[in-house]
Amino acid sequence: MLKDTITLITGASAGIGTACAEAFAREGSRLILAARRADRLDDLATRLHDEHGTACHLLPLDVRDREAVAAAVAGLPDSWRNIDILVNNAGLSRGLDKVQDGDATDWNEMIDTNIKGLLWMSRAVLPGMIARDRGHVINLGSVAGHQVYPGGGVYCATKFAVQALNQGLRLDLLGTRVRCSAVDPGMVETEFSEVRFHGDTARAAGVYQAFPPLQARDVAETVLFCATRPPHVNIQEILVMPTDQAAVYASFPRGVD
Ligand code: NDP
Ligand code: 8X3
């Protein structure tokens, strides 16, 4: 179903974004891979080409940089311009501080990446989709866009914002054939916690010891499910959780093997 489609994935250099690239490559999509770490994008493109014959176009960029995003999308070669699917996945958390102790740099990074980055990408890609009357935006939200946990106020606020943007976008796109889906995972074992704890790998590893978390491929399969429905079906929102996590702050401490 995705053969020869063009899928742009932000945050393709790690975690869920890399897993989405792998899943969409298996289905025959051509991929535009975006993230800041160009070396990782290079390695991924080489691997996907070797394993699946996937054609990849690399966009090394910072989604927070509005002008760079606009220029990168506007400057795509003709054969890569007609983007069918945009996976707005780039995102991060920083810290677990109470608001009264919070760090402005951490806040700016989360807000600028998770909300504004998603907006800059959507603003750059959507006009083409609307002109072609064809396309699909799939936004990575989170269970943190449904429930707030202690110390997560600002990160959760960014994911609540993504929820609102999903709803707004669906209203704005009504009357076009452009779809907007939200995939909202619970805990996924990726580099997310290492980034949250500013490179403290021991603390980050501890996050994933309490119970079996989701793996990036579990989320990628959910994203792929959204992307492969028939054109008259729009999956508006999927909340996908580890079995041992009932709510963002309620889990069963089974441990992992
Ligand atoms: P990772 O840290 O493993 O990957 C994050 C990706 O986002 C990286 O590829 C990173 O690339 C990219 N990224 C971050 N900032 C920027 C930026 N300014 N410009 C471009 N790319 C950027 O985390 P995950 O894979 O877990 O996270 C992916 C998404 O899933 C995020 O939106 C996150 O909020 C969401 N999510 C994660 C959950 C989890 O438990 N892991 C649960 C629910 C949602 P680079 O550094 O190379 O730029
Ligand atoms: C990431 C999930 O619960 O770590 O969005 O905030 S959580």
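Valine 99 sits in the loop that runs between strand 4 (85–88) and helix 4 (104–132), where helices (H or I, at least four residues) and strands (E, at least two) are DSSP runs numbered from the N terminus. The model is a predicted one, in which local features need pLDDT of at least 70 and side-chain atom pairs count only at pLDDT 80 or more, while totals for chains, interfaces and linings use all residues. Residues are numbered from 1 along each chain as its sequence is written, chains are lettered from A and ligands numbered from 1 in the order in which they are written, and side-chain values use heavy atoms, with hydrogens and water left out.

With a relative accessible area of 54%, valine 99 is exposed; here buried means under 20% relative accessible area, exposed means over 50%, and partly exposed lies in between, using a 1.4 Å probe and protein chains only. Together with Trp107 and Ile111, Val99 forms a nonpolar patch on the surface, and the three have about 250 Å² of accessible area together. Such patches are made of residues with over 30% relative accessible area and no salt bridge, with like charges joined within 9 Å and nonpolar side chains (Val, Leu, Ile, Met, Phe, Trp, Tyr) joined within 5 Å. The areas come from the Shrake-Rupley method with a 1.4 Å probe, and for residues only the protein chains shown count as cover.

Two packed helices are described by the angle between their axes and the distance between the axes. Helix 4 and helix 5 (residues 153–173) pack at an angle of about 15 degrees, with their axes 9 Å apart; the axes are lines fitted to C-alpha atoms, for helices over the stretch in contact, and the angles run from 0 to 180 degrees between N-to-C directions. Helix 4 and helix 5 are therefore roughly parallel to each other, a term for angles under 35 degrees, whereas angles over 145 count as roughly antiparallel, 65 to 115 as roughly perpendicular and the rest as oblique. The crossing of helix 4 and helix 5 is right-handed, which is the word used if the near helix is turned clockwise from the far one, and left-handed if the near helix is turned anticlockwise by less than a right angle.

Charged side chains come next. Side chains of opposite charge can pair when their charged atoms come close. A search of the whole structure finds 10 salt bridges, each being a side-chain nitrogen of Lys or Arg within 4 Å of a carboxyl oxygen of Asp or Glu. One of them lies in helix 4, where lysine 116 and aspartate 112 are four residues apart, about one turn of the helix, and their side chains meet at 3.5 Å, N to O. Lysine 116 is partly exposed at 36% relative accessible area, and aspartate 112 is partly exposed at 24%.

Arginine 47 and glutamate 51 also lie four residues apart, about one turn, in helix 2 (residues 38–52), and their side chains form a salt bridge of 3.8 Å, N to O. Arginine 47 is partly exposed, with a relative accessible area of 30%, and a network of salt bridges links Glu22, Arg47 and Glu51.

Another salt bridge joins the side chains of aspartate 244 and arginine 254 at 2.7 Å, N to O. This pair links distant parts of the chain, with aspartate 244 in the loop between strand 9 (237–240) and strand 10 (245–247) and arginine 254, 10 residues apart from it, in the segment after strand 11 (250–251). Aspartate 244 is buried, with a relative accessible area of 9%, whereas arginine 254 is exposed at 52%.

The backbone deserves a look as well. Most residues other than glycine have a negative phi, and most peptide bonds are trans. Aspartate 133, although not a glycine, has a positive phi of about 55 degrees; aspartate 133 is placed in the loop between helix 4 and strand 5 (135–140) and is partly exposed at 27% relative accessibility. Aspartate 4, in the segment before strand 1 (6–10), likewise has a positive phi, near 70 degrees.

Proline 231, in the loop between helix 8 (216–227) and strand 9, is 97 residues from arginine 134 in sequence and 8.8 Å from it in space, C-alpha to C-alpha. Arginine 66, placed in helix 3 (residues 66–74), is 54 residues along the chain from tryptophan 120, and their C-alpha atoms are separated by 5.6 Å.
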